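Hi everyone, thanks for coming. Please bring up the structure on your screens, and we'll walk through some charged pairs and then the nonpolar packing.

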Amino acid sequence: MSMPAPRHRRTYGGSPLSTASPPRTRRTRFFTRVAAIVAALAVPVTGLVALAAPAQAAASATATYTKVSDWGSGFEGKWTVKNTGTTTLNGWTVEWDYPAGTTVTSAWDATVTGSGTHWTGKNVGWNGTLSPGASISFGFNGAGPGAPAGCKVNGNPCDGASQPGDNPPSAPGTPTASGVTDTGLTLGWSAATDDKGVKNYDVYRGGARIATVTGTTYADSGLTKGTAYSYTVTARDTADQTGPSSGALSVTTTGGGTTPPPGPGDKVKLGYFTEWGVYGRNYHVKNLVTSGSAAKITHINYAFGNVQGGKCTIGDAYADYDKAYTADQSVDGVADTWDQPLRGNFNQLRKLKAKYPHIKILWSFGGWTWSGGFGQAAANPAAFADSCHQLVEDPRWADVFDGIDIDWEYPNACGLSCDTSGAASLKNVLSALRTRFGGSGLVTAAISADGSNGGKLDLADYAGAAQYVDFYNVMTYDFFGAWDAKGPTAPHSPLTSYAGLPIAGFTSEAAITKLKGKGVPGSKLNLGIGFYGRGWTGVTQDAPGGAATGPAPGTYEQGIEDYKVLKASCPATGTVAGTAYARCGSNWWSYDTPATIAGKMTWTKNQGLRGAFFWEFSGDTAGGELANAIHTGLQ
């Protein structure tokens, strides 16, 4: 939560000929009469144009590369072409690839051109004819650390390994992409054909060869979020001949604010179900059915599991898996028996999933009261993740849960207690959980909504951690409340800023804007809604900003009350920053209504957010009107 309420919640520097750079070796073994030609050829590569086509296709020549010298900021390279055939060679062309960042800056005794990372050296008029056994060399200066690869001479491998009469392979199919994330994707393409068989495929990203694979798929990683990439594939046959390139695929990674917002059917509508609600609140899993809410949500966070000794542990064993339900209390109308292997909330959630198979259920660990254990967990994230996986996937209830939610209040900051595990701790923990739960298990986290400068969102690496979660639940509530006993009164869940806002940056808009600015895509952010109000007493001013004497009385806790109670006891009389408020006698309350939720859901869609979540089911009316408002608003 945003405020501490005591409860369970949640380079070649210069041209090659400059005196500042090392002089290239004089080519004294070449003809003096062509000195003028040599000088004319030493031109910047930026003035060179398209790749030259091979002069001829014959397996009668080889080409050998030598790095003549290297002075740190640049180097001199040399190719030597030799006629290994029995007839005169009339013209030669050498082709090779450099990795991105390595370039040719000038050349002599050949016309050297570049296209992306692909380079071509073609003979000049006087040195294109080679008798059998003769050789010729051309040189160039370059920059960058890379070595040449993929060498061809007159269209054949430079080692002379190709076979006369062997045809090159066909072009593979245009690649497609799947599993696109912020930093990776998987390519697939249809196979090329060849008369003697395809040996492997070269994968190119942006014109640079990044891999050679034997199959027709490749997983690319280490990409940048929200960035467009172009991919092509070529095939090599058993003679190492390369065929034509496939068509080009353009694909953009997710993240960086460039991901289109999900469609209506993809919106998250998540509610917290509290294990302790089955006691004094008398709120059970069956209430999700009778209220109609189960048909209108997509996810449930079951709160909370504990974090102790660097491990995930059970929160309340009796409520979780031991409490026996009578037929009238049970989701399916069937009573529990004394000897059945699983009872309690877990069994009721299992029955709920049978009736509503679209619902995903996550076990949430931590919360306001139990976040103190995350510091020890962060000391050994792998061990923590393993303990959580063992607990969530316990054979007794493995079918109940679809993943894990972490409600750490707050990493490298203060909540009920202060954490000093470091800015990278959240990222490390979520990375370990993602590794342990794999790609099929959901991993999510509830996070701070402190959008102030230097606030909680600036104290941990929420952007770096985002790559490991399916989404964040941004706790955009509890910004203000009666822990400030004298006020000023203020809406606890303001959507936007307003004149008189007590603390700059304490709004939903500020939090979402800050997270997006850090590089977290909107498609990974859910807006939080509180199904309760916060209030003060001793207030004489109707509008926000009034003085108070303390917290207003509440059913379970001072200064807080369920929406279902406030709807009747203190109906809303105004709105501020997209949130309702009312003064009833000396008590002043702020809370969300179906009308204000509708406005917030419109804002959520306009911002391209993943969806919304709420704390928690039992604060809603018997007919689930707030859950319905979220559902309707996100359609």
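Let's begin with Arg434, which counts as buried at 17% relative accessibility. Here, buried means under 20% relative accessible area, exposed means over 50%, and partly exposed is in between, using a 1.4 Å probe and protein chains only. What does the Arg434 side chain meet in a salt bridge? The partner is Asp470, at 2.7 Å from N to O. By salt bridge I mean a side-chain nitrogen of Lys or Arg within 4 Å of a carboxyl oxygen of Asp or Glu. Arg434 lies in helix H8 and Asp470 in the loop between helix H9 (462–465) and strand E25 (471–474), so this pair ties together parts that are 36 residues apart in sequence. Asp470 itself is partly exposed, at 24%.

A quick word on the background. This is a predicted model, where local features need pLDDT of at least 70 and side-chain atom pairs count only at pLDDT 80 or more, while totals for chains, interfaces and linings use all residues. Residues are numbered from 1 along each chain as its sequence is written, and side-chain values use heavy atoms, with hydrogens and water left out. Helices (H or I, at least four residues) and strands (E, at least two) are DSSP runs, numbered from the N terminus.

Back to helix H8, please. Arg436 forms a salt bridge with Asp386, their closest N and O atoms being 3.0 Å apart. That pair links helix H8 (residues 425–437) with helix H7 (residues 381–392), 50 residues apart. Arg436 is partly exposed at 34%, and Asp386 is partly exposed at 27%.

Further along, Asp542 pairs with Arg583 in a salt bridge, with 2.5 Å between the closest N and O atoms. Asp542 sits in the loop between strand E27 (532–537) and strand E28 (550–551), and Arg583 in strand E31 (residues 579–584). The count of salt bridges comes to 19.

Now for the nonpolar side. A nonpolar core is a set of buried Ala, Val, Leu, Ile, Met, Phe, Trp, Tyr and Cys residues joined through side-chain atoms within 4.5 Å. The largest one has 99 residues, and Ile300, Phe384, Ile404, Leu430, Leu433 and Tyr472 touch the most other members. Helix H8 gives the largest share of this core, six residues. A second, separate core has 22 residues, including Trp119 and Phe138.

Finally, click on Tyr472. Its contacts (heavy atoms within 4.5 Å) beyond four places in sequence include Leu426, Leu430, Tyr462 and Val520.
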